[in-house]
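This report describes the packing and local geometry of a predicted model.

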Amino acid sequence: MQACFDKISHDWIIAHVPTDKVMLSKWFTAGYLEDRQWFPTEAGTPQGAILSPPIANWTLDGLQRQLAMTFGQPRWIGGKQISSKINFVRYADDFIVTGPSKEVLENEVRPVIDRFLRERGLLLSPEKTRITHISEGFDFLGQNVRKYNGKLLIKPSKKNVQAFLTQIRSIISENRTAKQQNLIGLLNPVIKGWADYHRHAVSKRVFARVDSEIWRALWQWCCRRHPNKGRHLLTAA
């Protein structure tokens with residue numbers, strides 16, 4: 001969506017969310033401080049604030065139900081389940097919708113989503129929103145979902161892998177003079193967290209490539225730290 005946290009309608013949230021409306025209204029208009037200067041908040045919510053994720057969920061809650069009401073729930077006919085093939089998956093403010101064809105998604109599903117979001121002060125992001133065939137695949141939450149010769153595979157996305165390697169190289173570069181154990185302490189949580197996130201996906205080849213790239217970056221770090229030591233001494237160390 002287009003700047004979700006910046007454009008959520010205060011009026012819609014206050015009118016529809018069953019919570020303390022006075023307190024919520026005060027929180028919306030509390031503003032924020034930057035360099036000891038106060039700035040008012042007239043729309044949206046502060047991204048990263050403790051209430052921002054719940055508010056995003058409150059705002060988008062009901063979209064799945066709206067799609068089901070519009071296109072129908074799966075039905076059993078003659079012992080077979082007949083589905084409209086309109087499926088919805090959401091995580092916070094990111095979501096995907098599947099459909100039987102590009103035409104259905106473009107001409108029937110998207111207008112329903114547009115109306116739902118507009119009521120809440122939101123719009124679909126032109127940069128992030130695209131309609132694609134499953135054989136071409138798409139990225140969602142750092143992973144690529146795609147069918148290869150009819151087989152669905154979920155892999156770490158190229159952008160996610162590149163961002164991870166950039167982060168690793170940045171940590172190594174910023175700690176050129178650090179002790180070995182300190183650098184290991186900085187890298188291990190980042191590597192473990194990323195690997196744990198993707199371990200359930202088809203990641204074997206990506207992990208092998210990432211392992212090679214990290215080894216290369218660390219080898220360069222070692223050579224920089226110990227320019228007078230040979231390969232065998234560095235390996236032994």
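## Nonpolar cores

The largest nonpolar core comprises 24 residues, and the members with the most contacts inside it are Ile 13, Leu 67, Val 97, Val 109 and Ile 113. At least two residues of this core are supplied by each of α2 (10-16), α3 (21-28), α4 (52-60), α5 (63-71), β6 (94-98) and α6 (102-118). Helix α6 provides the largest share, 7 residues. In soluble globular proteins, nonpolar side chains tend to be buried together.

Val 97 illustrates how these contacts are arranged. With neighbours within four places in sequence set aside, Val 97 is in contact with Leu 67, Ile 86, Asn 87, Phe 88, Leu 105, Val 109 and Ile 113. A second, separate core has 14 residues, including Val 161, Ile 172, Leu 183 and Ile 214.

## The α7–α8 helix pair

Helix α7 (residues 158-174) packs with helix α8 (residues 180-198) at an angle of about 170°, and their axes are 10 Å apart. Because an angle over 145 degrees counts as roughly antiparallel, α7 and α8 are roughly antiparallel to each other.

From α7, the contact is made by Asn 160, Val 161, Phe 164, Gln 167, Ile 168, Ile 171 and Ile 172. The residues contributed by α8 are Leu 183, Leu 186, Leu 187, Val 190, Ile 191, Trp 194 and His 198. By class, this contact of α7 with α8 has 11 nonpolar and 3 polar residues, with no charged residues. Val 161 and Ile 172 of α7 and Leu 183 of α8 take part in this contact, and these three residues are also among the members of the second core.

## Aromatic pairs

The structure holds 4 aromatic pairs. Phe 88 and Phe 95 form a tilted pair, 5.5 Å centre to centre with 35° between the planes. Both of these residues, Phe 88 and Phe 95, are buried. Phe 88 is also one of the contacts of Val 97.

Trp 215 and Trp 219 form a stacked pair, with 5.5 Å centre to centre and 5° between the planes. Both lie in helix α9 (residues 204-225), 4 residues apart, about one turn of the helix. Trp 215 counts as exposed at 52% relative accessibility, whereas Trp 219 is buried, with a relative accessible area of 19%. Elsewhere, ring pairs link Phe 164, Trp 194 and Phe 207 into a cluster. Of these residues, Phe 164 and Trp 194 also belong to the contact between α7 and α8.

## Loop residues

Most residues other than glycine have a negative phi. Ala 92, in contrast, has a positive phi near 55°. Ala 92 is placed in the loop between β5 (87-91) and β6, and is partly exposed, with a relative accessible area of 26%. Leu 141 likewise has a positive phi near 55°. The place of Leu 141 is in the loop between β7 (138-140) and β8 (143-148); Leu 141 is partly exposed, with a relative accessible area of 32%.

Arg 130 is found in the loop between α6 and β7. With a relative accessible area of 54%, Arg 130 is exposed. Not counting residues up to four places away in sequence, Arg 130 touches Gly 137 and Phe 138. The C-alpha atoms of Arg 130 and Ile 96 are separated by 9.9 Å, with the two residues 34 residues apart along the chain.

Methods
Residues numbered from 1 in each chain as written. Predicted model: local features only at pLDDT ≥ 70, side-chain atom pairs only at ≥ 80, totals over all residues. Heavy atoms only, no water. Axes fitted to C-alpha atoms, helices over the stretch in contact; angles between N-to-C directions. Parallel < 35°, antiparallel > 145°, perpendicular 65-115°, else oblique. Contact = heavy atoms within 4.5 Å. Nonpolar A, V, L, I, M, F, W, Y, C, P; charged D, E, K, R; others polar. Core = buried A, V, L, I, M, F, W, Y, C linked by side-chain atoms within 4.5 Å. Buried < 20%, exposed > 50% of the residue type's maximum accessible area, 1.4 Å probe, protein only. Phe/Tyr/Trp six-rings, centres within 6.5 Å; stacked < 30°, edge-to-face > 60°.
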